[in-house]
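I open these notes with strand pairing and then turn to aromatic rings. The entries follow the order in which I looked things up.

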Amino acid sequence: MKYYIPDRHAQGYGFHHKVARKITSRSAKCDLLVIVDCGTQDTQAIGEIRACGIPVIVFDHHLARGRPADADALINPHIDGSDLGRDLCAAGVVWCWAWKHELAPREWLAKRLDLAALATVADCVPMSSPVNRAIVREGTKALRVTERDGLRKLMQRLEIDPFTVDCASLSMKIIPCLNAAGRLEHADTAMGIFFPREDVDVSVQKLILLNKKRRDYSAKIISDVDSGACDNPKYKYVLFGDDWPAGVLSSVASHVCAGRDSPIVLAANAQEPFIRGTLRVPPGVDAEAILGAISEDLDSWGGHRMAAGFSVERGKWANVRDKLEEILSGIEVCSDKEDILCWRPAELALDEWKDAERLGPFGIGNPYPKLFCEHSGPIRAEPLGRNGSHVKILLDGRELLGFSGANLLDAGCSPSGWVYKPRVNFWRSSENLQLVLERIVTSAA
């Protein structure tokens, strides 16, 4: 059995005729092709594969528009599937299908929940789904005792104790490293963690360096966006950077969308003659419908309600950009109300919070609980970190950690309250409760 991951820079996204020809032109005959996370709409490419006598099975979770591809088997919950199935990521579809039909011993499948959990967290699918929560909960348990040497060494380099791995360490540390390979070079480097072709220490080191490079690129793009240093100041929602790496746009777009609470398109040069863009929208806005409205101008596109991507020929970019700017500027975003509990830090104990965490894993649809504490009087704060860029707020005999919050020390800041998130921290084999500052609340003028 062999795997093939298209080069997103040279071959783009999805399963299309370039990838099909690459597979059919190989000297070693392919007896069965299993396509994961795309394929539902790839009629032409799948037709080419089947015309060569190769049977095709598709496992996908993307929305089906029109008539789906004529594969030998197409497993997509969006085609006559249940609500629970439609919330799965593609890897979750594969795992659940195999479990339901006992395509492998269930003990063997249970050990592969680590991979399903990684994919579920990485794809940001709804955690309101009990199936997704179960996959992540049991998958993190599998990760804590994983026999995968590459994953254990990656966690070691990231200073993660395997026995304390959770959603936060997956989404903030492990997954960004794994994703960096495909975004900047080729995903095969990340696969070296799971199926080593070389010294696994070499693969781990490559991922660490690529992730640092990804962070640097992302910081540069965010700086360009925040300062307005893009190519044309008349565009507010559709921004283009001539020197932006296309592979890192999606995570930056998510960051910008969340910060502005408005839709955003970030675009950059891709392989000639294309420009690649990524669209992110706040809750209540349909990203796929937006691209669907201009689909005749796009070379390829796809995605979900809150996130979508596209490729467009350079000659059509100006027209597409104007259309997208007009559509996005006319969208009215109604921000969802947040549920926040009033809870003073002095009244929160470690054991109480560990009980609350049983409501997780947290994510989209099952948000991490946030707490609020009123404040009056002067701020009692101390700088934190090597360069003093973080801050420690002293409150009720407890500490609120404000990461990148040194500006709170400014004399002009007079908050009326703090929104914070508790988290269990593990340090030198002991547990403690950390309180992380989420937001400053100020009184209306």
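This is a predicted model: local features need pLDDT of at least 70, side-chain atom pairs count only at pLDDT 80 or more; totals for chains, interfaces and linings use all residues.

**Strand pairing and ring contacts**

I began with Gly241, whose bridge partner in E5 is Ala268. E4 (residues 238-241) and E5 (residues 264-269) run parallel and are joined by 4 bridges; strands count as paired if DSSP finds at least two bridges between them, and the elements themselves are DSSP runs numbered from the N terminus, with at least four residues for helices (H or I) and at least two for strands (E). From E4 the chain passes through helix H13 (residues 249-260) to E5, a β-α-β crossover that is right-handed, meaning that the path from the first strand over the helix to the second runs clockwise when the strands point away from the viewer.

Residues are numbered from 1 along each chain as its sequence is written, and side-chain values use heavy atoms, leaving out hydrogens and water.

I then asked which residues of E4 are buried on each side. Val238 and Phe240 are buried on one side, and Leu239 and Gly241 on the other, where buried means under 20% relative accessible area, exposed over 50% and partly exposed in between, with a 1.4 Å probe and protein chains only. In a regular strand the side chains alternate between the two faces of the sheet.

Next I looked up the aromatic pairs, of which a search of the whole structure finds 5; rings of Phe, Tyr and Trp (its six-membered ring) pair if their centres lie within 6.5 Å, and planes under 30 degrees apart count as stacked, over 60 as edge-to-face and the rest as tilted. Tyr3 and Phe195 have ring centres 6.3 Å apart and planes at 35°, so this pair is tilted. Tyr3 lies in the segment before helix H1 (8-11) and Phe195 in the loop between H11 (188-194) and H12 (200-227), so the pair ties together parts 192 residues apart in sequence. Tyr3 is partly exposed at 26% relative accessibility, as is Phe195 with 45%.

The rings of Trp353 and Tyr368 have centres 5.9 Å apart and planes at 45°, so I noted this pair as tilted too. Trp353 is buried at 4% relative accessible area, whereas Tyr368 is partly exposed at 24%. Ring pairs link Trp353, Phe362 and Tyr368 into a cluster.
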